[in-house]
Amino acid sequence: VPATNYIYTPLNQLKGGTIVNVYGVVKFFKPPYLSKGTDYCSVVTIVDQTNVKLTCLLFSGNYEALPIIYKNGDIVRFHRLKIQVYKKETQGITSSGFASLTFEGTLGAPIVPRTSSKYFNFTTEDHKMVEALRVWASTHMSPSWTLLKLCDVQPMQYFDLTCQLLGKAEVDGASFLLKVWDGTRTPFPSWRVLIQDLVLEGDLSHIHRLQNLTIDILVYDNHVHVARSLKVGSFLRIYSLHTKLQSMNSENQTMLSLEFHLHGGTSYGRGIRVLPESNSDVDQLKKDLESANLTANQHSDVICQSEPDDSFPNSVLLWRPGWNALIVASNSWAQAISSLLSLLSSKDL
């Protein structure tokens, strides 16, 4: 649209009761979710060169009208943001005519605005603003430590995962199964949800071919309706995914497996977002998928509610936080090893 001379207010100069235009780097966000009413809501905390943070509560009846943010470090431009003071804290909220653009925050990446609007203003000055924020963020903001690959995850951890959806299935009214992969394999046996193949949506032969590299994720409560709408083959970013180590006992055998859960609610930014194929992280993911070793040896998967694998007959798998491997021991040695480890952990060594 024809260029308009917008004025952008630094975050350290905001005043309650005003409507402003601002730029900022995303420090924290919650993907859009259904509020208690009929609107979608997103919470975004931004920071700029003044080192002042601003938390924004954004509402819209249209999911796509909210900022299209994929990760911390993205850069946003908000037009017509209302500033108010609530409990002595300055915050931003949507006002009439609110609009947003989002840009990748990586230095050197193409500056392509993300927006659902057909018409928007973007000038040479805007280009300079984005570049300046990228340079500033590269030295003042640490990279997102929560974004991990499956080969790097540990038990009892919360992290963000970039992956491709291979299959999905309804488990019950409050949970939903997503089968995904990222081209790497977990360092621990992966847990499998026992379901009928007939109810699994996806290419079963392809899933079987990739079984050494896939994981099962159970999503709960408010995330179920999002999971149902996902298309098999799409690329996802799943936020605040939780890993849990589960023990399964059967006769002479104890197996430990790694479970993946996306709990209900939106605390800590929990949610799911579909990534476009033009996203740079998807570009890297595709390369990882293409180069994945499909024949790599995999730990024996543990099937939920089924008989354990017999790869380690009459044995026990031992694991403790901080270890990078599992110890396989015969039952006759397991008790002695466990006692010794407990003794060592009680010493100041």
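# Working chat: first look at the model

Biologist: New to this one. How much of the protein counts as buried?

Modeller: Of its 349 residues, 44% count as buried. Buried means under 20% relative accessible area, exposed means over 50%, and partly exposed is in between, using a 1.4 Å probe on protein chains only. This is a predicted model, so local features need pLDDT of at least 70 and side-chain atom pairs count only at pLDDT 80 or more, while totals for chains, interfaces and linings use all residues. Residues are numbered from 1 along each chain as its sequence is written, and side-chain values use heavy atoms, with hydrogens and water left out.

Biologist: What is the mean pLDDT?

Modeller: First the term: pLDDT is the predictor's confidence in each residue, from 0 to 100. Contact, which comes up next, means heavy atoms within 4.5 Å. The mean pLDDT is 84, and 81% of the residues reach 70 or more. Over residues 300–349, though, the pLDDT is below 50. That stretch still has 81 contacts in the model beyond near neighbours in sequence.

Biologist: How should I read a stretch with low pLDDT?

Modeller: Where pLDDT is low, the predicted coordinates should not be read in detail.

Biologist: OK. How many helices and strands?

Modeller: Five helices and 17 strands. Both are DSSP runs, numbered from the N terminus: helices are H or I with at least four residues, strands are E with at least two.

Biologist: And how much of the contact count links residues 24 or more positions apart?

Modeller: They account for 67% of the contacts with a separation of 6 or more.

Biologist: Which strands make up the closed barrel?

Modeller: Two terms before that. Two strands pair if DSSP finds at least two bridges between them. Axes are lines fitted to C-alpha atoms, for helices over the stretch in contact, and angles run from 0 to 180 degrees between N-to-C directions. The closed barrel has five strands in the order β1-β2-β3-β5-β4, with mixed pairing. From one strand to the next, the twist averages 50 degrees. Helix α1 (residues 124–140) packs on the sheet and touches β1 (19–34), β2, β4 (75–86) and β5 (89–103). The direction of α1 makes about 65 degrees with that of β1.

Biologist: How many bridges join β1 to β2?

Modeller: Seven, and the two strands run antiparallel. Val 26 has Ile 46 in β2 as its bridge partner. β1 and β2 form a hairpin, with five residues between them.

Biologist: And β1 to β4?

Modeller: Six bridges, antiparallel again. Ile 19 stands opposite Lys 82 in β4.

Biologist: What about β2 and β3?

Modeller: Eight bridges join strand β2 (residues 40–47) to strand β3 (residues 53–60), and they run antiparallel. Thr 45 has Thr 55 in β3 as its bridge partner.

Biologist: Change of topic. How many residues of β11 are buried?

Modeller: Five of the six residues of β11 (residues 215–220) are buried, so this strand is largely enclosed by the rest of the structure.

Biologist: Which way does β11 run against β8, parallel or antiparallel?

Modeller: β8 (residues 175–181) and β11 pair antiparallel over six bridges. There, Ser 175 has Tyr 220 as its bridge partner. With β13 (residues 253–262), β11 has three bridges and runs parallel. One of the partners there is His 261 in β13, paired with Leu 218.

Biologist: Is His 223 buried or exposed?

Modeller: Buried, with a relative accessible area of 4%. His 223 sits in the loop between β11 and α3 (224–229). Not counting residues up to four places away in sequence, His 223 touches Leu 262, His 263, Gly 264, Gly 265, Arg 270 and Gly 271.

Biologist: What is the phi of Lys 88?

Modeller: Positive, about 65 degrees, although Lys 88 is not a glycine. Lys 88 is in the loop between β4 and β5. Lys 88 is exposed, at 81% relative accessible area.

Biologist: And the phi of Tyr 268?

Modeller: About 60 degrees, also positive, and Tyr 268 is not a glycine. Tyr 268 lies in the loop between β13 and β14 (271–275). Tyr 268 is exposed, with a relative accessible area of 67%.
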